[in-house]
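This report covers selected local features of one model. Please keep the sequence and the structure in view while reading.

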Amino acid sequence: MTATTADVWLPFPAEEIDGLPENLNYLFWDGGTEYPGNPADCAYYVVPYMKGPEIAQRPLAAMSGVQVVQTLSAGIDHVEPGLGLLPAGVRLCNAKGVHEASTAELTLALILASLRGFPGFVHGQDKEEWRSGFYPALADKSVLIVGYGSIGSAIEDRLAPFECARVARVARSARTTARGPVHTLDDLPALLPEADVVILSTPLNPSTQGLVGAGFLAAMPDGALLVNVARGGVVDTKALLAELESGRLRAALDVTDPEPLPQGHPLWHAPNVLITPHVGGSTSAFEPRAKRLLAAQLTRFAAGEPVRNVVTTTG
């Protein structure tokens, strides 16, 4: 199959995306029961956004001719378990460049809302109570970003005006940036005791599954704030609940484990926790950036050029 005869499955109607190359056959599929065509004829599969792993992986076994699987999320954990169903040589691409602005915005919103006591103010407004007082500021706090890829870097961009005492960075590999060094996960025991705010923006993979367990949390100082905009599975929920219920730590969570958080789960009503329903990337900024990414990727694909954002290639 050549790119000029290829079927492309898109979660947006093709006429809504400016700049698509004309020599591809575009089919719309956003996770519905019926496929838009024969999966075996699909050469470029764009995974429906935020529809869950069952839908994301459903057509993979039948996609014998697929060459590229493109997510519209930064994470690939909802697709990765199905990669063994694909032929060798399929490139899996993520949506680097799409979610940085929205996720970084939410991260700052979670930090500020939690530190400044916004949940209590909302409850006070419901009860017509004037809850004045002194609250913690982000200024003069030490911040640790665990997961310093493009989203982690975007978060630090937005921290810059807030007069933080320092920002430390952790990623899979050590390196030096214009803002300072990036440490490895092995350095966490030395960094955590100094962190007033710990931000999780790391991918979910075997090295980060359950990374934030009892030992990690115990190393954080009293009163510290844990902010998770990564994946729920990065955090051991039971260990986090123990710290919240003791009153020692606070948390602001855009993702949880399990997710969605079921009714009756103790995390809903744990003290000192602010929960948002996985909306880090779900803003008005998503769609224009996603469409620009698809137009650029498919233009390269149609021209026989290497696509970008390749996370892994099936073997």
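## Lys51 and its salt bridge

In this predicted model, Lys51 is partly exposed, at 35% relative accessibility. Buried here means under 20% relative accessible area, exposed means over 50%, and partly exposed lies in between (1.4 Å probe, protein chains only). The side chain of Lys51 forms a salt bridge with that of Asp30, with 3.0 Å from N to O. Lys51 belongs to the loop between strand E3 (42-46) and helix H1 (53-57), and Asp30 to the loop between strand E2 (25-28) and E3, so the contact ties together parts 21 residues apart in sequence. Asp30 is also partly exposed, with a relative accessible area of 29%.

Two sentences on the basis of the values follow. Residues are numbered from 1 along each chain as its sequence is written, and side-chain values use heavy atoms, with hydrogens and water left out. The model is predicted, and local features need pLDDT of at least 70, side-chain atom pairs count only at pLDDT 80 or more, while totals for chains, interfaces and linings use all residues.

## Other salt bridges

The whole structure contains 10 salt bridges, where a salt bridge is a side-chain nitrogen of Lys or Arg within 4 Å of a carboxyl oxygen of Asp or Glu. One of them joins Glu54 and Arg58, whose closest N and O atoms are 3.5 Å apart. Glu54 is exposed at 53% relative accessible area, whereas Arg58 is partly exposed at 30%.

Glu243 and Arg248 form a salt bridge of 2.9 Å, N to O. Glu243 is buried, with a relative accessible area of 13%. A network of salt bridges links Glu16, Glu287 and Lys291.

## Strand E7 and its neighbours

Helices (H or I, at least four residues) and strands (E, at least two) are DSSP runs, numbered from the N terminus. Strand E7 covers residues 166-170, and four of its five residues are buried. Strand E6 (residues 142-146) pairs with E7 in the parallel sense over five bridges; two strands pair if DSSP finds at least two bridges between them. From E6 the chain passes through helix H4 (residues 150-159) to E7 in a right-handed β-α-β crossover. Right-handed means that, with the strands pointing away from the viewer, the path from the first strand over the helix to the second runs clockwise.

## The loop between H3 and E6

Tyr135 lies in the loop between helix H3 (118-126) and E6 and is partly exposed at 34% relative accessibility. Together with Phe118 and Phe121, Tyr135 forms a nonpolar surface patch of about 280 Å² accessible area. Patches consist of residues with over 30% relative accessible area and no salt bridge, with like charges joined within 9 Å and nonpolar side chains (Val, Leu, Ile, Met, Phe, Trp, Tyr) within 5 Å. Accessible areas come from the Shrake-Rupley method with a 1.4 Å probe; for residues, only the protein chains shown count as cover.

Glu128 lies in the loop between H3 and E6 and has a positive phi of about 60° although it is not a glycine. Glu128 is exposed at 76% relative accessibility. Asp140, in the loop between H3 and E6, has a positive phi of about 75° and is exposed at 62%.

## Cis peptide bonds

Asp257 and Pro258 are joined by a cis peptide bond with omega of about 10°. Another cis bond joins Glu259 and Pro260, with omega of about -5°. Pro258 lies in the loop between strand E12 (250-253) and strand E13 (273-275), and Pro260 lies in the loop between E12 and E13.
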